[in-house]
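Let us walk through a protein model together, one piece at a time. Have a look at the picture first, and then read on.

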Amino acid sequence: MANVSGFFTPSVPSLRLRRRIQSPIEIYRTGFCSPEGFSLRVFCSNTAQRSDKLASGSGASSSESRAPRLVSQGCKLVGCGSAVPTLKVSNDDLAKIVDTSDEWISVRTGIRNRRVLSGKDSLTTLAVEAGRKALQMSQVDPNDVDLVLMCTSTPEDLFGSAPQIQKALGCKSNPLAYDITAACSGFVLGLVSAACHIRGAGFQNVLVIGADALSQYVDWTDRGTCILFGDAAGAVLVQACDSEEDGLFGFDLHSDGEGQRYTFHKAITHYSCIKMNGNEVFRFAVRSVPHSIESALEKAGLPWSSIDWLLLHQANQRIIDAVATRLEVPQERVISNLANYGNTSAASIPLALEEAVRSGKVKAGHTIAAAGFGAGLTWGSAIVRWQ
C-alpha cells in the first residue's frame, strides 16, 4: 500500500517532517493551508538524507550543506475543454449485439449512451481538441505552455502520446510533455503533478489532459463490461498565481496493488480486453472514496459547508449516489453526465467539469471536491477552486 498526501503548508514558526517521499521534492508537512490568507511554501531539497538532518537539526556534510530552496507560488484552474467522438452508441444499439436492454443497463449503471472512436477520429485528435479549447478559454498561447501532461491508459503510441499532442497544439518552444498512466484516477494525479511542477519548479502554464479510448479494449460479447465504457478527452489549464490566489487546497492519493485482480486486461486470442469484478470495485469505491475526500478536506482545513460541488469519476451512477449519500451531499450538488457518455476513464472528470462550466452550473469561485478511482487499484481526491 502506498499513499501520497498534500505537501503545501502555511508559513508557520515551526515545521516538522511528517512524511518523506523519495523524490527531488522533499515534503516537510502533509496538507495544504487554509485559503484564508496564509502564504504557501514548498521546501525543495536533493536527498532524503539531507532533509532528515534538516528536520532533526543535526549538521550536514559539506556536500550536503546547501539549505533547501524555498519556492512560494500558488496555482489555479483557469480554463477547460473537452472533445468526444462523433459516433454515438445507445443502449438499444448494444441490445442488437449482446443480450441486454436499455432498461437493464440504465437501471444498473445509469448509462444510456456512450461515444466510440470510428472513422477519422483518434484519441490524439480528441486530446488536441480538448487541449486547444482549454487554452482558448484560458487565453493562453500554445507557445506559453511549459508542460503537457497526457493522463491515459490507452495511448496510441506505446512510448507516450503527449509529445504528439504538444506538436499538434503548435507549442514551438518544445515544452516537456509526458504521459501519466493511472487509469480512472489519472486526471486527479495529473492535477497534483501540475501543482508540483508549478510550485516546486516555477512552471507557469501546465496543460493537463485526461483522455481514454477503452472501447478499443472491450470484449463486445461481454455484456458485463461492453455496456460501461466510452471514449472522450477533457483538459484543464493549470496556471501559476500568487499564493493568496491558490486554487488547489488539498489532496489525498493512494494505490493498492492487491486490488489489481478486480480490474485488469486479459489476453483473448491476439488482443487484450478489460475484465472487471463489478461488485468488488463497487465496494472498494464506496469504502475508499469518501475517506479520501474527507482526508483531503482535513488537510485543506476546510469544512464540508465550503464545498459547492461533488465531482466523482463517472463510473457508475450507483457508485456516485452511494458516495454522495455517505458524505451527506444532496443530489443537486453532485455533478454527473454519466448517462450521456458512460465511463470515459481519465477523461470523465474534466469532461463533466467542462460541461458544468460551460452550462453555467459551475461558476468562478466555486469549490469542488473531485475524486477518481479505478484500476491498479488507485484512488485519490483533490479540493480545487474553479478560477
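At what angle do helix α4 and helix α5 pack, and how far apart are their axes? Helix α4 (residues 123–138) packs against helix α5 (residues 162–169) at about 55°, and their axes are 9 Å apart. Axes here are lines fitted to C-alpha atoms, for helices over the stretch in contact, and angles run from 0 to 180 degrees between N-to-C directions. That angle makes α4 oblique to α5; angles under 35 degrees count as roughly parallel, over 145 as roughly antiparallel, 65 to 115 as roughly perpendicular and the rest as oblique.

Contact means heavy atoms within 4.5 Å. Sorted by class, the contact of α4 with α5 has five nonpolar, two polar and one charged residues. Ala, Val, Leu, Ile, Met, Phe, Trp, Tyr, Cys and Pro count as nonpolar, Asp, Glu, Lys and Arg as charged, and the others, Gly among them, as polar.

A word on the background: this is a predicted model, where local features need pLDDT of at least 70 and side-chain atom pairs count only at pLDDT 80 or more, while totals for chains, interfaces and linings use all residues. Residues are numbered from 1 along each chain as its sequence is written, and side-chain values use heavy atoms, with hydrogens and water left out.

Now for the whole chain. The protein chain has 10 helices and 18 strands; helices (H or I, at least four residues) and strands (E, at least two) are DSSP runs, numbered from the N terminus. Of its 387 residues, 56% are buried, meaning under 20% relative accessible area, with exposed over 50% and partly exposed in between (1.4 Å probe, protein chains only).

Another helix pair is α7 (residues 278–300) and α8, whose axes come within 9 Å and cross at roughly 35°. This crossing of α7 and α8 is right-handed. On the α7 side, the contact includes F282 and A285, and on the α8 side it includes I319 and A322. By class, the contact of α7 with α8 has eight nonpolar, no polar and three charged residues.

Helix α10 (residues 348–358) is mostly covered, with nine of its 11 residues buried. After α10 comes G360, whose phi is positive, near 90°.

| Residue | Relative accessible area |
|---|---|
| Q317 | 19%, buried |
| S122 | 16%, buried |
| L237 | 0%, buried |

Where do these residues sit? Q317 is found in helix α8 (residues 317–326), S122 lies in the loop between β7 (113–116) and α4, and L237 is in strand β11 (residues 231–241).

Leaving out residues up to four places away in sequence, Q317 touches T109, G110, S336 and L338, and S122 touches L117 and E156. With the neighbours within four places left aside, L237 is in contact with residues including K76, A134 and N205. L237 and N205 are 32 residues apart in sequence and 6.8 Å apart in space, C-alpha to C-alpha.

Notes. A crossing is left-handed if the near helix is turned anticlockwise from the far one by less than a right angle, and right-handed if clockwise.
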